[in-house]
Amino acid sequence: MSNDKLEKLVELSREFGREDRGWAILGEGNTSVMGDADSFYVKASGSCLGLANRSDFTEVNISQALEFVAKPSMTDAEVQDALEAIKVDPNAKRPSVETFVHAVCLSIGDCNWVGHGHPESVLSILCSQSGAKPYLEHIFPDAIVVCGRNFAVVPYVDPGFKLAHGVRDALLEFKGKYGKAPKIIFLENHGPFILGQSDIDVINTMQMLDKWSKVILANQLFGGSNYLAKAESDRIENRLDEAYRRKRLLEQER
Ligand SMILES: [Zn+2]
């Protein structure tokens with residue numbers, strides 16, 4: 001079972017790191033999936049998503065990872081030691097510095113799969129003066145169907161341990177407001193975290209987010225985006241036929 005998931009994680013990562021997509025180059029980005037028991041697989045530090053193989057993923061204990069996240073602060077040296085301590089196999093590669101963020105997403109993000117990248121299109125917006133604001137209203141229905149109506153936003157914070165706290169706080173606030181987790185967490189000046197129900201869900205969501213971002217950017221040439229009314233966006237989110245379409249998208253095999 002775990003082996004099957006690991007194989008799918010390798011495939012997802014290679015798709016995510018495809019050079020022609022521009023979502024993650026060199027050692028950028030990381031992916032993860034829940035394991036069978038109290039563990040998850042996450043990309044090893046420094047590994048390249050586009051060239052990933054099974055040994056580029058490390059199984060870590062999620063309860064132990066969350067115990068570290070519960071600490072108010074950790075020094076850089078303590079973080080390195082913690083990343084080693086939570087490995088299920090001591091001989092495995094050191095997991096990504098964003099492992100603690102993945103632990104938070106997989107524990108309270110209502111998801112089983114996580115993908116994080118630094119797509120050029122999304123960063124063009126998240127690194128601008130506007131930050132994540134252009135994503136808070138919608139411009140076409142399919143982005144609502146695939147990416148969701150509302151999103152959590154985290155202002156820039158030091159990657160790694162502090163980011164795990166930022167993501168935890170943003171997710172708890174979002175769930176308090178909307179009663180469920182978002183499908184995307186926008187990290188300003190950094191990149192998106194995609195929270196998926198399956199490997200395909202993660203790819204679909206990033207693909208639509210990439211398209212949406214390119215359209216927002218192109219809109220700037222023609223006077224800026226013409227936003228849908230809030231009520232129209234809310235209606236798409238709740239339409240029964242769109243719920244059916246969402247379900248079908250998740251069933252597709254790649
Ligand atoms: Zn990152």
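This section describes the fold, the nonpolar core, the helix packing and selected loop residues of the chain.

The structure is a predicted model, in which local features require pLDDT of at least 70 and side-chain atom pairs count only at pLDDT 80 or more, whereas totals for chains, interfaces and linings use all residues. Residues are numbered from 1 along each chain as its sequence is written.

The chain contains ten helices and seven strands, where helices (H or I, at least four residues) and strands (E, at least two) are DSSP runs numbered from the N terminus. The radius of gyration is 18 Å, close to the 18 Å given by the globule rule for 254 residues, so the chain is as compact as a globular protein of that length. The radius is taken over C-alpha atoms, and the rule is 2.2 Å times the number of residues to the power 0.38. Along its principal axes, the C-alpha trace spans about 55 × 40 × 35 Å. Of the 254 residues, 41% count as buried; a residue is buried if 20 or more other C-beta atoms lie within 10 Å of its own, exposed if 12 or fewer, and partly exposed in between, with C-beta atoms placed from the backbone. Among contacts between residues at least 6 apart in sequence, 71% join residues at least 24 apart. Two residues are in contact if their C-beta atoms, placed from the backbone, lie within 7 Å.

In soluble globular proteins, nonpolar side chains tend to be buried together. The largest nonpolar core of the model has 64 residues, and those with the most contacts inside it are Phe100, Val104, Cys105, Val167, Ile185 and Phe193. Such a core is a set of buried Ala, Val, Leu, Ile, Met, Phe, Trp, Tyr and Cys residues joined through C-beta atoms within 7 Å. Leaving aside residues up to four places away in sequence, Phe193 touches Val101, Cys105, Val114, His116, Val167, Ile185 and Leu187. Phe186, found in strand S6, is buried, with 25 other C-beta atoms within 10 Å. Its contacts, again not counting residues up to four places away in sequence, are with Leu126, Ala132, Tyr135, Phe151, Val153 and Pro192.

Helix H7 (residues 161-178) has 18 residues and reaches 26 Å from its first C-alpha to its last, close to the 26 Å expected at 1.5 Å a residue; the expected span is 1.5 Å times one less than the number of residues. Buried positions in H7 include Phe161, Leu163, Val167, Leu171 and Phe174. The cover over the buried residues of H7 includes helices H2 (62-69), H3 (76-85) and H4 (99-108), together with strands S5 (152-154), S6 (184-187) and S7 (191-196). Just after H7, Gly179 adopts a positive phi of about 80°.

Eight of the ten residues of H4 are buried, so this helix is largely enclosed by the rest of the structure. The buried residues are Thr99, Phe100, Val101, His102, Ala103, Val104, Cys105 and Leu106. H2 and H4 pack at an angle of about 110°, with their axes 9 Å apart. Axes are lines fitted to C-alpha atoms, for helices over the stretch in contact, and angles run from 0 to 180 degrees between N-to-C directions. H2 and H4 are therefore roughly perpendicular to each other, the class assigned to angles of 65 to 115 degrees, whereas angles under 35 count as roughly parallel, over 145 as roughly antiparallel and the rest as oblique. Ile62, Ala65, Leu66, Phe68 and Val69 of H2 make the contact with Thr99, Phe100, Ala103, Val104, Leu106 and Ser107 of H4.

Several loop residues were also examined. Asp110, in the loop between H4 and strand S4 (113-116), has a positive phi of about 50° although it is not a glycine. This residue is partly exposed, with 15 other C-beta atoms within 10 Å. Leu26, in the loop between helix H1 (2-16) and strand S1 (30-34), likewise has a positive phi, near 50°, and counts as exposed, with 11 C-beta neighbours inside 10 Å. Gly50 lies in the loop between strand S2 (39-43) and strand S3 (57-61) and counts as buried, with 20 C-beta neighbours inside 10 Å. Pro72, in the loop between H2 and H3, is exposed, with 5 other C-beta atoms within 10 Å.
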